[in-house]
Amino acid sequence: MTVAEVSDAGPLKRSLGLWLTTLYGLGTTIGAGIYVLVGTVAGEAGRLAPWSFVVSAVIAGLAAACFAELAKRHPKSAGEAHYVLVAFDRHWLSLVVGGLVVLTAIASAGTIARGAAGYLGLYIPLPEWALIALTVALLAALCAWGIKESARFAGAITLIEVSGILLVIGAGFFAEAEIDPAALLPGSLADLPPILAGTLIAFFAFVGFEHMVNVAEEVREPERVLPRAILLTLLITTALYVLLAAVAVSVIAPQMLAGSEAPLALIWEKAGGAGWILAAIGTFATLNGLLAMMILGSRVLFGLARQGSLPEVLGRVHERRRTPLLATAIIAAAVLLGALALPIAQLAEISSLFTLVVFSAVAAALLKVLADEGKPWSHRMVPLLALSAILAFLGYDLARRLGG
């Protein structure tokens, strides 16, 4: 590899069509977390857990609409940061938002890397730190190899993840139900508080679709493909989550689901399934999530460099592979450091908080763009509702942290 090959400042390679982009979006959204999260939601909402996912999908849909509209207008890497720059013309604000996205990616990837090491330790007799280092290095190499190769690998794993959820849903249909299906329907306004309590948790199962905008410069016809891929991702994810939650609370008591670290395994085992299958799928899910976060972080650094907010060297790509090698290496090193140095709970909390802040910035950016274009208030209702809902979530999250 020559210096010229590594220091080229040309564009990224546009290799992703609608289905690869959608699979990438599903991979960043449907992660290993849903294998645990459904139990936590059931602990809050009880038999009404499916409705918590429905309400969360509506809120996530408002945010997704903001991302889709801005992605159609400005298909750039470091999407969130670029939207803020276009709307408010402040490089420092764009850099802050982009920095939050990068920190979110690093924190999320560090969390997932720890989880991946736990799964891989079942099969490979190495210390945790060695498994983390090996996993991060191999996936960083895949990121550097090419976006099409990375997306195909991620897409294949995404199909495995989805198959795991479908297996559990199918197993639930054959397992003996604990409650009447009619009990899943809300009966009165008294059912609203538990639904909303579950919503505050279920919302984070939908986080991830927004990362699709950061591969915009590697998508063919991004103005047309990205909005469709975001919509498809949200629809497929919602259908899977609602069905999964309905099956879960139907065949296992919500209290048991909430008290289990592997709630889906309870359903699977009740139907007579072999436990190693879900463990294997969980392994693939963690690898997929880690790969997606490393792609995200490197593309945001690349985009920030290209818009002039970071040193130009971070915006250079390999001449043949058309991938940002230096940005990828920096993200890999940061992920490795975070995974080895910070507690997993702290990494997860950082990721959740930064995500809410970035969502609110994107909704505010769309509001400003529409206002500058002279659009009437009727055209601005979606970003206004999205901003209100996200700020409410952010306020609750901060209050919970300060109070507890």
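## Buried residues and packed helices: a chat

Modeller: Let's start with Thr-328, which sits in helix α14, residues 325-341. Keep in mind that this is a predicted model.

Biologist: Why does Thr-328 count as buried?

Modeller: Buried means under 20% relative accessible area. Thr-328 comes in at 3% relative accessibility, so it counts as buried.

Biologist: And what does Thr-328 touch, apart from residues up to four places away in sequence?

Modeller: Thr-328 touches Ala-140, Cys-143, Ala-144, Ser-298 and Arg-299. Contact here means heavy atoms within 4.5 Å.

Biologist: What makes α7 roughly antiparallel to α14?

Modeller: The cut-off for roughly antiparallel is over 145 degrees. The angle is about 160 degrees, so α7 is roughly antiparallel to α14. As for handedness, the crossing of these two helices is right-handed.

Biologist: Now α10 and α12: at what angle do they pack?

Modeller: Helix α10 (residues 222-251) and helix α12 (residues 263-270) pack at about 65 degrees, with axes 10 Å apart. Here α10 passes α12 in a left-handed crossing. On the α10 side the contact uses Leu-244, Val-247, Ala-248 and Val-251, and on the α12 side Leu-264, Ile-267 and Lys-270.

Biologist: How do the residues of that contact divide by class?

Modeller: There are 6 nonpolar, no polar and 1 charged. Lys counts as charged, and Lys-270 of α12 is part of the contact.

Biologist: One more residue, Val-358 in helix α15. Why is Val-358 called buried?

Modeller: Same test: the cut-off is under 20%. Val-358 has a relative accessible area of 5%, so it is buried. Helix α15 itself covers residues 344-372.

Biologist: What is Val-358 in contact with, leaving aside its neighbours within four places in sequence?

Modeller: Glu-80, Val-97, Leu-100 and Val-101. Val-96 is another one to look at: Val-358 and Val-96 are 262 residues apart in sequence, yet 9.5 Å apart in space, C-alpha to C-alpha.

Methods. Residues numbered from 1 in each chain as written. Predicted model: local features only at pLDDT ≥ 70, side-chain atom pairs only at ≥ 80, totals over all residues. Heavy atoms only, no water. Axes fitted to C-alpha atoms, helices over the stretch in contact; angles between N-to-C directions. Helix = DSSP H or I, 4+ residues; strand = E, 2+ residues; numbered from the N terminus. Left-handed = near helix turned anticlockwise from the far one by under 90°. Buried < 20%, exposed > 50% of the residue type's maximum accessible area, 1.4 Å probe, protein only. Parallel < 35°, antiparallel > 145°, perpendicular 65-115°, else oblique.
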